[in-house]
Amino acid sequence: MADKQRRRPGETREKLMSAALELVGKGRHFASLGIREVTRQAGVVPTSFYRHFRSMDDLGLQLVDELGLVLRRMMREARGNVLQADKLIEESVGIFVAHAQANRSFFMFMAQGLAGESRAVQEGIRSEMRFFASELANDLRRLRLMQHLSDADLDMTCDLVVRTVAFSLTDLLSIAADDDYQVGQVRKRTSRFLQMIFVGAGHWQSESGTAL
């Protein structure tokens, strides 16, 4: 009987992280969550929290790591499905919207964290965004797109793309997940924003030796 009741390794940690995300998904701001509230949602005693996390900031950083895995899955899907350069923007935005809809709590946490009170969580999310922008730049080089741009200008273009997509989260998460019309409008508007960025980048003339 004791063996059946024994928790598997990491189970309590996962419950605590899931509980925090569930509360965020219900409209709570991560920065306002307390340890007792999270442990109550997880169904564990408060003292067990400190066996897995030093603080709520520490739990938040672990969620950032999990968010990074979600973003990398999204990136792999885009690389596997977006094969034509002329469909790069539309299909990539579609994949982003689908992942945001399927992982709303994670993306709510991301949107909150970017403007939240925790500097550690904020920097963790920004680090993931920088990685995403770097990978986007590498993909554009692989597809031989924007070859006229210097490395610094291409990196800045990709940074602007990632920031624009992240900003669109506020629109996407403010509407009901099953409101297909409004979700479609956000998708179209985000695609349009990115098209305008790339049109501008297409006419940009990089200076030789451009550096940031």
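In the predicted model, Met146 is buried, with a relative accessible area of 18%; the value falls in this class because buried means under 20%. Met146 lies in the loop between helix 7 and helix 8. Its phi is near 55°, which is a positive value in a residue other than glycine.

The loop between helix 7 (119-142) and helix 8 (151-173) also holds Arg144. Arg144 has a positive phi of about 60° although it is not a glycine. Arg144 is exposed, with a relative accessible area of 61%, and is classed so because exposed means over 50%.

The largest nonpolar core has 61 residues. Within this core, the residues with the most contacts are Phe30, Leu59, Leu63, Phe107, Phe109 and Ile125. At least two residues of the core are supplied by each of helix 2 (11-25), helix 3 (35-42), helix 4 (56-81), helix 5 (88-102), helix 6 (104-114), helix 7, helix 8 and helix 9 (180-202). Domain 1 (9-53) and domain 2 (56-201) each contribute at least three residues to this core. In soluble globular proteins, nonpolar side chains tend to be buried together.

When its neighbours within four places in sequence are left aside, Phe109 is in contact with Leu21, Val24, Phe30, Gly60, Leu63, Val64, Val121 and Ile125.

Terms used: Residues numbered from 1 in each chain as written. Predicted model: local features only at pLDDT ≥ 70, side-chain atom pairs only at ≥ 80, totals over all residues. Heavy atoms only, no water. Helix = DSSP H or I, 4+ residues; strand = E, 2+ residues; numbered from the N terminus. Buried < 20%, exposed > 50% of the residue type's maximum accessible area, 1.4 Å probe, protein only. Core = buried A, V, L, I, M, F, W, Y, C linked by side-chain atoms within 4.5 Å. Domains from an automatic or database assignment. Contact = heavy atoms within 4.5 Å.
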